[in-house]
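The following exercises concern a single protein chain. Please examine the sequence and the structure before reading the solutions.

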Amino acid sequence: MEKTIRTRKVIHVDMDAFYASVEQNDHPEYRGLPLVVAWESNRSVVCAASYEARRYGIRSAMPHAEAIRKCHSVISVPPNFERYRAISREIHGIFQSYTKIVEKLSLDEAYLDVTQNLKGIPTATEVAEKIRKEIKSSTGLTASAGVAPNKFLAKIASDWNKPDGICVVKPHQVFTFLKSLPLRKIMGVGKATEKKLIALNVTTMKE
């Protein structure tokens, strides 16, 4: 008797600019403005940057002084980790209501195995949409999600339509999705590795 192999259904949920979004959500006067979460110090680095700040080339882990040079009007607020942890517990509570198979990666992201979800929802896509909607309703924050047969693809997919988006890679779409994938989308491929691969005329997964 042949065994039936069930395709896994994995969701990667990633909050959008989490720390910065919490600050903008808590302080309406900051909404729509370039904002970074960072201590006021010469040695401080950016913990998070709002999407408005990112338009100026500001990124997480960038020196705070450099962020100010890139955008003189940027708003700087100190981190409030107690607040971020409280909201994270709320978000992860939502995850646990859909599946007990949750792999927490950080305060603002996690893998969820919803091959069999607790609410009997027929598709992983619907589960992801319900989770995103519930997070928005509960916290006022947006989350992006990737749905795929494994964690590697789900992680890449969650970044595909950020912010506040969803990307679904179905089992029959895996190879098509991978073939055109830029190398920098692969976890572990940074500037140095990318440069070496480009020198070999390798720019996509297919190559």
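The model is predicted: local features require pLDDT of at least 70, side-chain atom pairs count only at pLDDT 80 or more, and totals for chains, interfaces and linings use all residues. Residues are numbered from 1 along each chain as its sequence is written, and side-chain values use heavy atoms, with hydrogens and water left out.

**Exercise 1. The chain as a whole**

Task: State how many helices and strands the chain holds, and what share of its residues counts as buried.

Solution. 
Step 1. The chain contains 8 helices and 8 strands; helices (H or I, at least four residues) and strands (E, at least two) are DSSP runs, numbered from the N terminus.
Step 2. Of the 207 residues, 43% count as buried, where buried means under 20% relative accessible area, exposed over 50%, and partly exposed in between (1.4 Å probe, protein chains only).
Step 3. Taken along the principal axes, the box filled by the C-alpha atoms is roughly 70 × 50 × 25 Å.
Step 4. Among contacts (heavy atoms within 4.5 Å) between residues at least 6 apart in sequence, 52% join residues at least 24 apart.

**Exercise 2. The packing of α1 against α4**

Task: Describe how helices α1 and α4 pack, giving the angle and the residues that meet.

Solution. 
Step 1. Two packed helices are described by the angle between their axes and the distance between the axes.
Step 2. For α1 (residues 18–26) and α4 (residues 81–96), the angle is about 100 degrees and the axes are 11 Å apart. Axes are lines fitted to C-alpha atoms, for helices over the stretch in contact, and angles run from 0 to 180 degrees between N-to-C directions.
Step 3. Helices α1 and α4 are therefore roughly perpendicular to each other, the class for angles of 65 to 115 degrees; under 35 is roughly parallel, over 145 roughly antiparallel, and the rest oblique.
Step 4. From α1, Phe18, Tyr19, Val22, Glu23 and Asp26 meet Phe81, Arg83, Tyr84, Ile87, Ser88 and Ile91 of α4.
Step 5. The residues of this contact comprise 7 nonpolar, 1 polar and 3 charged. Here Ala, Val, Leu, Ile, Met, Phe, Trp, Tyr, Cys and Pro count as nonpolar, Asp, Glu, Lys and Arg as charged, and the others, Gly among them, as polar.

**Exercise 3. The surroundings of Asp113**

Task: Locate Asp113, decide whether it is buried or exposed, and identify its side-chain partners.

Solution. 
Step 1. Asp113 belongs to strand β6 (residues 109–113).
Step 2. Its relative accessibility is 13%, so Asp113 counts as buried.
Step 3. The side chain of Asp113 makes a polar contact of 2.6 Å with that of Thr115. A polar contact is a pair of N or O atoms within 3.5 Å; within protein, one must be able to donate a hydrogen and the other to accept it, and residues adjacent in sequence count only if both atoms are side-chain atoms.
Step 4. With Arg8, Asp113 forms a salt bridge (3.3 Å, N to O), that is, a side-chain nitrogen of Lys or Arg within 4 Å of a carboxyl oxygen of Asp or Glu.
Step 5. Arg8 lies in the segment before β1 and Asp113 in strand β6, so the pair ties together parts 105 residues apart in sequence.
Step 6. Arg8 itself is partly exposed, with a relative accessible area of 40%.
Step 7. Neighbours within four places in sequence aside, Asp113 is in contact with Arg8, Lys9, Thr99 and Ile101.
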